[in-house]
Amino acid sequence: MQGRGSALAMAALVLAMALWGSSFIALKLAFAELPALWVIAGRMLLGALVFLAAWRWRGRVDYRRGDLKYLLALTACEPCLYFIFEALALQHTSASQAGMITALLPLLVALGAYLFLHERLTRTTLAGFALALGGALWLSLAGSADQHAPNPLLGNFFELLAILCATAYTLLLKHLTGRYSPFILTALQALVGSLFFVPLAAWQADWPSSFSPQGLAAVAYLGVVVTVGAYGLFNFGVSRLPASQATAFTNLIPLFTLVFAAVLLGERLSAEQMVAAGLVFVGVLLSQWRSRAPLPAGVLD
């Protein structure tokens, strides 16, 4: 029964990664026609409405004293800060390059779990982290401005900030999943995101004068399929598997993003960028190697 539950969690995570990979393309399409803040606000509002309509299936809530600060920090990291940085990133870099930066997430989660949850960390993981970070930097520096990436270095920096927010979110999520259902945590993200982004968009961005079917479809896809589906599936997977194991599935996001970006947007990486992307993957794979010499928990404290 436990094996079946793990298999179901893994399947949910693979599907979540495919949806997240496609989200970079949907964001690119939406940002081309609509103000970024209104895209995110519409996405959050649609997600919140779906969760409110399905509230009867909300699942467990076991609030304990002190949980409020963790719940607020969770929603501050994602969706609030994460989507701001991701929106800035995709206005300056390509979907392909932004997707590659997400390969750093498992390594950052491993480091965060080491520092804050006192999980063991191997020297091989540290070496893999350094290699992947170097590859991500090379990928950014090797990029040249074009129609898909007017300022790739700046855009990839914003994407890295988004991934740091995702790291904090994942660690907080793992802390809370024992007491709150994946439905509750995902719904809370959508509700708080709506309360944050709708007023921000109304204050900072002009209401779009026209709506194209493609722009509206992209926002609807982001709100219903990605916000509800991808986050719900990921939260379910994290609730059933160790955080480090669950985030390892994010290695699939760059692959899905590259495929979707090539097919739907016509994006291509240069030969030098392909080598740099390979370096990121090698670093990630190296970080997953089980060394016999783990560093004692707390050595970096």
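Trainee: What should I know about the model and its numbering?
Mentor: The model is predicted, so local features need pLDDT of at least 70 and side-chain atom pairs count only at pLDDT 80 or more, while totals for chains, interfaces and linings use all residues. Residues are numbered from 1 along each chain as its sequence is written, and side-chain values use heavy atoms, with hydrogens and water left out.

Trainee: How many helices and strands does the chain have?
Mentor: There are 12 helices and 2 strands in the chain. Helices (H or I, at least four residues) and strands (E, at least two) are DSSP runs, numbered from the N terminus. The order from the N terminus is α-α-α-α-α-β-α-α-α-α-α-α-α-β.

Trainee: What share of the residues in the chain is buried?
Mentor: Of the 301 residues in the chain, 52% are buried. Buried means under 20% relative accessible area, exposed over 50%, and partly exposed in between, with a 1.4 Å probe and protein chains only.

Trainee: And what part of the contacts joins residues 24 or more positions apart?
Mentor: Such residues account for 92% of the contacts in the chain with a separation of 6 or more. A contact means heavy atoms within 4.5 Å.

Trainee: Let us take one residue. Where is isoleucine 253?
Mentor: Isoleucine 253 lies in helix α11, residues 252-265. With a relative accessible area of 6%, isoleucine 253 is buried.

Trainee: Which residues does isoleucine 253 touch?
Mentor: Not counting residues up to four places away in sequence, isoleucine 253 touches Met17, Trp20, Gly21, Phe24 and Thr102.

Trainee: Are tyrosine 82 and phenylalanine 83 buried or exposed?
Mentor: Tyrosine 82 counts as buried at 10% relative accessibility, and phenylalanine 83 counts as buried at 3%.

Trainee: What about phenylalanine 256 and phenylalanine 260?
Mentor: Phenylalanine 256 is partly exposed at 23% relative accessibility, and phenylalanine 260 is partly exposed at 26%. They are separated by about one helical turn because they are 4 residues apart in helix α11.

Trainee: Which residues form an aromatic cluster?
Mentor: One aromatic cluster is formed by Trp20, Tyr82, Phe83, Tyr169, Tyr231 and Phe234.

Trainee: Now helix packing. How do α7 and α9 cross?
Mentor: The axes of helix α7 (residues 152-176) and helix α9 (residues 213-240) come within 9 Å and cross at roughly 55 degrees. Axes are lines fitted to C-alpha atoms, for helices over the stretch in contact, and angles run from 0 to 180 degrees between N-to-C directions.

Trainee: Which residues make the contact?
Mentor: Tyr169, Thr170, Leu173 and Lys174 of α7 meet Tyr231, Phe234, Asn235, Val238 and Ser239 of α9.

Trainee: Where is leucine 176, and is leucine 176 buried or exposed?
Mentor: Leucine 176 is in helix α7 and counts as buried at 0% relative accessibility. Leaving aside neighbours within four places in sequence, leucine 176 is in contact with Asp67, Tyr70, Leu71, Leu74 and Leu185.

Trainee: Which peptide bond is cis?
Mentor: The bond from glutamate 78 to proline 79 is cis, with omega near 20 degrees. Proline 79 is found in helix α3, residues 67-90.

Trainee: How do α3 and α8 cross?
Mentor: The axes of α3 and helix α8 (residues 182-204) come within 9 Å and cross at roughly 60 degrees, and the two helices are therefore oblique to each other. Among the residues making the contact are Glu78, Pro79 and Phe83 of α3 and Leu185 and Phe196 of α8.

Conventions. Phe/Tyr/Trp six-rings, centres within 6.5 Å; stacked < 30°, edge-to-face > 60°. Parallel < 35°, antiparallel > 145°, perpendicular 65-115°, else oblique.
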